[in-house]
Amino acid sequence: MAPLQRRPLRSEQVLLLTLLGTLWGAAAAQIRYSIPEELEKGSFVGNIAKDLELEPRELAEHGVRIVFRGRTQLFSLNPRSGSLVTAGRIDREELCAQSPRCLVSFNILVEDKLNLYPVEVEIVDINDNTPQFLKEELEVKILENAAPSSRFPLTEVYDPDVGINSLQGFKLSGNSHFSVDVQSEGHGPKYPELVLEGTLDREGEAVYHLVLTALDGGDPVRSSVARILVTVVDVNDNAPVFTQPVYRVSVPENLPVGTPVLAVNATDQDEGVHGEVTYYFVKITEKISQIFCLNVLTGEISTSANLDYEESRFYELGVEARDQPGLRDRAKVLITILDVNDNVPEVVVTSGSRTIAESAPPGTVIALFQVFDRDSGLNGLVTCSIPRSLPFELEKSVSNYYRLVTNAALDREEVSLYNITVTATDKGTPPLSTETIISLNVADTNDNPPTFPHSSYSVYVLENNPRGASIFSVNALDPDMDQNARVSYSLAEDTLQGAPLSSYVSINSDTGILYTLRSFDYEQLRDLQLWVTASDSGDPPLSSNVSLSLFVLDQNDNAPEILYPAIPTDGSTGVELAPRSAEPGYLVTKVVAVDRDSGQNAWLSYRLLKASEPGLFAVGLHTGEVRTARALLDRDALKQSLVVAVQDHGQPPLSATVTLTVAVADSIPEILADLGSLEPSDGSHNSDLTLYLVVAVAVVSCVFLAFVIVLLALRLRRWHKSRRLQALGGGLASMPGSHFVGVDGVRAFLQTYSHEVSLTADSRKSHLIFPQPNYADTLISQESCEKSESLLTTQDLPETKGDPRRLQQAPPNTDWRFSQAQRPGTSGSQNGDDTGTWPNNQFDTEMLQAMILASASEAADGSSTLGGGAGTMGLSARYGPQFTLQHVPDYRQNVYIPGSNATLTNAAGKRDGKAPAGGNGNKKKSGKKEKK
């Protein structure tokens, strides 16, 4: 029997445990607290941290906060203690009116987990309100024939408290004719009634003064007093009667103010004054009296304020009909408010971040918001949506909460700000909707490296640049922002010619401007290869490289350098040798020069700057070869000093000079014998140099004046002779051309023999300058023009026939000569042009004219003709028999003499060296000039 009795016990235990588990789950799902009303602000409500299984300090870390839907925040969290406290004084009657239980519901949100915990706090009533009469002074009229037990309604009494603290009873002052009774309707206000206990006699006592006391059940007890004046009225045996005891009506909440709702009607069978009925509201609160109004005469009820279904869905009104004597009747009016879709949905963002990283993965929660509609039914059903073009979507959460999450990857460089429009639409007719914009900033992450607009750069810098000068600027763009877009520049480490690259150029890390740290030399460094790195300031930093080629451009900063002849280090002067038998065009030496520059700056040209014997030597313009311009004569000095200038073609051009000393001799002993004469002597004659110059200028001026007079005389003689020939009948047709030159010849002579004398205070440093004509490639001094052969030969002089030595040329001395291998320069084997050519420019023409004038001047000194020995054109008598025409280019072809119409030609016999009769009429003068 024992086992059979234990089974029911086990079943009861299982049932009990199940029930306890159910209650525990319900308690865990919702947190409940209970507090009395009228607590001070900050009063303890409950330990919310303990109920959430958190430490007080973790509330702020997890972002725990209260989500309250109501208009007023009633509670708050104490972050120190982790408890729930009151946010202010709570009045239960204001919050819940006459509801038996006053419950306040809200949610606790854990921010980081986005979890909601419902909380319910019950507000317990305390006896803080005294029962209140609607009127403290009452007047009651009672017919004298009123039957005992008749009831007469008094003013209603209202106590906002509930339960035991509400109105409990009434107490009437001592009187045998009346008593008080209470009529209660549920939990609303109580309506006391005066009960007649016996018959009245108006003649015995017409007025009664009563005191009515209302008492509640609180501790301590609270009470209030109303004074009642009872007047005994004469008999009126018919009271007004309503057509129906209860009136019902339904109206929409959007009913305009002043619209009639319904009309009540009561009738009185009495006549006259006793039959006039008036209407009054009874059993209504002050709030209802502000919403509805009653026409006293007609009984029409209309609205005096806007109706709101969301505030009150039902109204109960008491209407009383009275006649003049005071008889009355009451009826109820029940007004039902119909809901209209007049409230747009509301979107309340309860949590979320206004910034999201562009690297956030899809599915990241951005915001949590609540959607609600104060309407009811379909009017209160709300749906949410966002534009589909955005990379976001909505997820339904608990109750009417939604989560806004990402559904695609974000890119701040494309879109940096999203204005997400959340549209909430109800299902009413017509549907109402609202739009809420959630602004979301996309935070930048360092996902883009700096980029250069070009794959490589080329920079050109002139050499000899100043140090520290900016030469170029690079710019890299980073589409990121702030620190991630802050670009810094650097140069890759490298070495050049044993020195670090950073010692040549530097770069500004902020601006990307390149600066030179050295002055570049094109001859040492022509190009640099750099790698510029652009790095941002992100974490981790990103970078990119670009190639930069720096090219150094040449400037004309190097003067030509003469390699040969080399300048001796001991202070001596190098000597070049030239045999006296050298022919015109003989290669004496070659000036070799180089220029360390390049291009046009290294193109060199050579010219003879100064010569002790002008016209004796010529320098090749482009080759630098020093050649003899004419045959060497015995009168030519042993020492010939030449100054050769080498100039480049840069801007501005640079040049260098070298002094050549050429020894003219046929044998080495002759050179050794005259070495002493190579040294310049500073004799005492320098002191008399100024006097010599003055005398020379005066002599030259006199000679020039005499020459002009002679020319004029010859011109007049020729004119006179031509007149005589014309008079004889033209018998001079076969006479040779004129021996004189005209005005053009004089002008050429003046241009050729113009001179300049410069005198200073110090007579030892005065000098005389003869300007030299300029030639294109070969430089010939003016004196060579005087020593060239004459091109005018009209007759042979008889003085030369008897002296054959003047018709022969002395053979050259071949004791020593430079071989072709011994001549300096690469063009030593090239021979000069020995053939005579017609002058091809203005300078050659002037030289030819000067030669003709020189011969003409010889003819003007005596009676002899211009001719000399055969083949010498009169120059043998001037310079000696060793100077013949075989060493001079033949310029006698088609020679035009200015001022004459004759054209000279050369006989074949003279060219072949045949010796016609010659003269030496100018021998003395020639000797004088040679000595000079």
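## Exercises on a predicted model

β48 and strand β49 (residues 625–628) run antiparallel to each other and are paired over three bridges. This model is predicted, and the exercises below walk you through parts of it.

**Exercise 1. Find the strand order of the open sheet that contains β48, and say which strands stand at the edges.**

Step 1: Begin with the order. The open sheet has three strands, arranged β45-β49-β48, with antiparallel pairing.

Step 2: Look for the edges. β45 (587–590) and β48 (617–619) each have a single partner strand, so one side of each lacks a neighbour in the sheet.

Step 3: Zoom in on one residue. Phe617 stands opposite Thr628 in β49.

**Exercise 2. Decide whether Arg627 and Glu625, the partners of a salt bridge, are buried or exposed.**

Step 1: Locate the contact. The side chains of Arg627 and Glu625 meet in a salt bridge, at 2.8 Å from N to O.

Step 2: Recall the cut-off: buried means under 20% relative accessible area.

Step 3: Apply the cut-off. Arg627 has 12% relative accessibility and therefore counts as buried. Glu625, at 4%, counts as buried too.

**Exercise 3. Work out what links Asp181 to Arg151, and where in the chain the two residues lie.**

Step 1: Identify the link. Asp181 and Arg151 form a salt bridge whose closest N and O atoms are 2.7 Å apart.

Step 2: Asp181 belongs to strand β13 (residues 178–184) and Arg151 to strand β10 (residues 151–153); they are 30 residues apart, and the pair links distant parts of the chain.

Step 3: Check their accessibility. Asp181 counts as partly exposed because its relative accessibility is 27%, and Arg151 counts as partly exposed because its value is 41%.

Step 4: Step back to the total. The structure holds 18 salt bridges.

**Exercise 4. Find which cysteines form the disulfide, and give its handedness.**

Step 1: Count. There is one disulfide.

Step 2: Name the partners. Cys96 is joined to Cys102, with an S to S distance of 1.8 Å.

Step 3: About the S-S bond of Cys96 and Cys102 it is about 60 degrees, so the disulfide is right-handed.

Step 4: Check burial. Cys96 and Cys102 are both buried.

**Exercise 5. State how many helices and strands the protein chain has, and what share of its residues is buried.**

Step 1: Count the elements. The protein chain has 13 helices and 55 strands.

Step 2: Turn to burial. Of its 932 residues, 42% count as buried.

Methods. Residues numbered from 1 in each chain as written. Predicted model: local features only at pLDDT ≥ 70, side-chain atom pairs only at ≥ 80, totals over all residues. Heavy atoms only, no water. Pairing = 2+ DSSP bridges. Helix = DSSP H or I, 4+ residues; strand = E, 2+ residues; numbered from the N terminus. Buried < 20%, exposed > 50% of the residue type's maximum accessible area, 1.4 Å probe, protein only. Disulfide = S-S within 2.5 Å. Salt bridge = Lys/Arg side-chain N within 4 Å of Asp/Glu carboxyl O.
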